[in-house]
Amino acid sequence: MLDFLSARGWLWSAAFFYLAVFTAGTVGLLRHGRRASNLTYALMVIGYALQLAGLSLRGKEVGGCPLGNQFEIFQFTAWSATTLYLMVGVTFRSSMLGYFTGCLAAVLSLISLAVPAWDATRSSKLFGGNPWIEFHAALALFSYGVFALLALTSVMFLFRNYSLKVKRVGGWFSFLPSILELEVIGLRLLVAAVAILTASLAVGSVWWLRDTATADVGKILVTVAVWAAALLVLGLRLASLLLARRFAWACLALFGAALLSLGPVDSSRHQPTPKVATTVPVP
Amino acid sequence: MSQPNVFVIGATHHVAPIAVREKLTLNAEQSAALQQDLAGITGLKEFTVISTCNRIEIYGVAASSEVAAAVQAAFCQRQRFAAAEFEQFRLVLRDQSAVGHLLEVAAGLDSQMLGETEIFGQVKGAYAAAQERGVTGPVLNRIFQKAFQSAKLARSQTGITEGQVSVANVAVELAANIFGDLEKTRVLLLGAGDIGEKTAKAFRSRGAGSLVVTSRRMERAMELASELGATALPFGQHESRLAEFDIVVGSTSAPDTVVSAAATTAAMRQRPARPLFFIDLALPRDIDPKVAALENVFLYNLDDLARIASENLAARTAEIAKCRALLGGRAEALWRHIEPKLNGAPGSASGVYEPGGQPSP
């Protein structure tokens, strides 16, 4: 039976609040498109607080940043996306970003909670007691949360662009922010994601260079590939060579790549190396 | 009926054609004179006059039913309009029906353009003017204040005011969907036609950053530019300077397109990251339809805008029953509160007029 005061208990509660954002938003849209921005924001804040409590509790239990298995990584990514939404989402004119973020956080949280195997084992002493490596891992995963939010704004951009091109602007399309606003926020999020990932890699590289024997080449390659792809997309966007729909699709692809990279990165932790305790769990 | 009552008497666009309404409508001076006449009517305890281009309505609290006839006579005399003719177009409602009517008027439910919000301000203005003159009292104060609350409720609880229903406003709304804030947008008006002018005015009223007018007749372009607070551009330059604009409104009477796909492609090369919005209101069309296929370019013609306006209107119409039920309930509750006071409360219907009575809580 689930102990509601355990870390998982808090995280289940948070997931239900994120699900409530999705449900309330969907009902609102179906009923004449009525928006309830305040309700969305309140539910998101409660979900966020519960998730923060759950992750803090887990962090206390494991004595570090809770990034020791797939379950924790998904939870941390959802938390990062929600953090960013609560920080920048209020500048959007509608609750649609809150609605989409709520959907994403609910999906990531519920999937991670629904697969017990993901949380059955975790690498202990993951960062070898090195706070810098922990910082590197947390930064990297936070950047993945930014990629998640970037993916959401890209989806919103594609919907808005489609609605304007096919001239169907009524219904819930009318609650989406403008094309220009979505482009601006997309670019800013990409800049933020690249900056955070770069900082994470910089912190991590100091450790890799000091102790090359423990560095996992496969993981480094995957991580650097994601970073390079993000940098390339940013460069092309700044040079006005990747715009509008193509830019949105590229951002979606970046998030997909980031998610896919979690697999190889996570599996590298479980390789039986003598120094597994100091393996970095994330890019 | 010789008991105290609330009434409304007047004429609206539903029955009175424009030729009649223009004779009945009151300017500020006429309104002031009429209110002075009404203040002298015995038994008329409170009143408010609403005069817009679509309606003239006098709301009153009377000691007896004969008072409404005296109000009608005073109005017809002031407007030099035959009473018999007025009665053909007349609207007369009493008590709960009158209260319900005001609630519907304030909510835009009785407007010619269903759900428009300008009427709300007009009713508020009329009420404020009456209050200032001291001709409202506890009954009308309560009724009008409840009408304003109900109108706001109707707006938030139903879709009666959602979506634009005029071509010009639909175009502006679409531009907002693309650019968000219109303050930094540059609008180019091609041609000086009537519909283009209306659209340009709609952009101006929504705060469009700058407006440029171009027409084959330069003097007409300059005249319109001066009227709109815009600048004029020689007609031949519009394609070469297309990249400078965010929104292009086509309303010329040219037999062929005046903006080509090639010119648009060239313009977009200079401003690839910024969208370009074409509103083609001309027939034959001004903008080459091929531009719609370009990335970051959006093209809407007259049919598209008219279809969206009519869809929005249909959506508003679908909300009428819901809105009417909501307002009807509010009117009924309000009337239940007012009726006993009207029939027995000291200082109200008992015959003592309290000028400038304060709003009831």
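Which residues is B:Ile279 in contact with, leaving aside its neighbours within four places in sequence? They are B:Ala171, B:Thr199, B:Ile247, B:Val249, B:Gly250 and B:Tyr300, where contact requires C-beta atoms, placed from the backbone, to lie within 7 Å. This is a predicted model, in which local features need pLDDT of at least 70, side-chain atom pairs count only at pLDDT 80 or more, and totals for chains, interfaces and linings use all residues. Residues are numbered from 1 along each chain as its sequence is written, while chains are lettered from A and ligands numbered from 1 in the order in which they are written.

- B:Ile279 belongs to strand β9 (residues 276-280) of chain B; strands (E, at least two residues) and helices (H or I, at least four) are DSSP runs, numbered from the N terminus.
- B:Ile279 counts as buried because 32 other C-beta atoms lie within 10 Å, the cut-offs being 20 or more for buried, 12 or fewer for exposed, and partly exposed in between, with C-beta atoms placed from the backbone.
- Although 22 residues separate B:Ile279 and B:Asn301 in sequence, their C-alpha atoms are 5.8 Å apart in space.

**Contact between the chains**

- Chain B contributes 18 residues to the contact and chain A contributes 14 residues.
- On the side of chain B that touches chain A, α8 (167-179), β10 (297-301) and α12 (302-318) of chain B each supply at least two residues.
- α8(B) gives the largest share of that side, five residues.

**Domains of chain B**

- Chain B comprises domain 1 (5-159 + 319-344) and domain 2 (167-312), with bounds from an automatic or database domain assignment.
- The centres of domain 1 and domain 2 of chain B, taken over C-alpha atoms, are 41 Å apart.

Key: Two residues are in contact if their C-beta atoms, placed from the backbone, lie within 7 Å.
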